[in-house]
Amino acid sequence: MESMIFSPAVYGAIELIYVKDSYRGGTVAYRMVKYIISYIKNKCNVSVLSAHSPDGSAFGRMLSKMGFIKISDNYERVL
């Protein structure tokens, strides 16, 4: 992968997603992230998206399955 440090890419970040306990275990978080990806890709011209997740968390595993690459505790995806 080419270095992103000096690229003209526009970066975005998912700072926080919270799903209430009673809604966990389904597809709510997945659908939220898919919506965020679609919205910022089409409306904000973002080309690289990052999200922070602790090691071993369900959110981190979901991000990996969605095409994000783990970099330290951050996951990034080129849109």
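This report describes the fold, sheet and nonpolar core of a predicted model.

## Basis of the model

Local features require pLDDT of at least 70 and side-chain atom pairs count only at pLDDT 80 or more, whereas totals for chains, interfaces and linings use all residues of this predicted model. Residues are numbered from 1 along each chain as its sequence is written, and side-chain values use heavy atoms, with hydrogens and water left out.

## Overall fold

The protein chain contains two helices and four strands, arranged from the N terminus as β-α-β-α-β-β. Helices (H or I, at least four residues) and strands (E, at least two) are DSSP runs, numbered from the N terminus. The radius of gyration is 13 Å, close to the 12 Å that the globule rule gives for 79 residues, so the chain is as compact as a globular protein of that length. That radius is taken over C-alpha atoms, and the globule rule is 2.2 Å times the number of residues to the power 0.38.

Along its principal axes, the C-alpha trace spans about 45 × 30 × 20 Å. Of the 79 residues, 24% are buried (under 20% relative accessible area, with a 1.4 Å probe and protein chains only). Among contacts (heavy atoms within 4.5 Å) between residues at least 6 apart in sequence, 57% join residues at least 24 apart.

## The sheet

The four strands form an open sheet of mixed pairing, in the order β1-β2-β4-β3; two strands pair if DSSP finds at least two bridges between them. Strands β1 and β3 (69-71) are the edges, each pairing on one side only. From one strand to the next, the twist averages 30 degrees (axes are lines fitted to C-alpha atoms, and angles run from 0 to 180 degrees between N-to-C directions).

Strand β1 (residues 11-14) runs parallel to β2 (residues 48-52), with four bridges joining them; Tyr-11 has Val-48 as its bridge partner in β2. Between β2 and β4 (residues 74-78) the arrangement is antiparallel, with five bridges, and Ser-50 stands opposite Glu-76 in β4.

## The nonpolar core

The largest nonpolar core has 12 residues, among them Ile-14, Val-33, Leu-49, Met-62 and Phe-68. Such a core is a set of buried Ala, Val, Leu, Ile, Met, Phe, Trp, Tyr and Cys residues joined through side-chain atoms within 4.5 Å. Helix α1, strand β2 and helix α2 (58-65) each supply at least two of its residues, and α1 gives the largest share, three residues.

Val-46 also belongs to this core. Leaving aside neighbours within four places in sequence, Val-46 is in contact with Val-10, Tyr-11, Gly-12, Ile-40, Lys-41 and Leu-79.

Terms used. Buried < 20%, exposed > 50% of the residue type's maximum accessible area, 1.4 Å probe, protein only.
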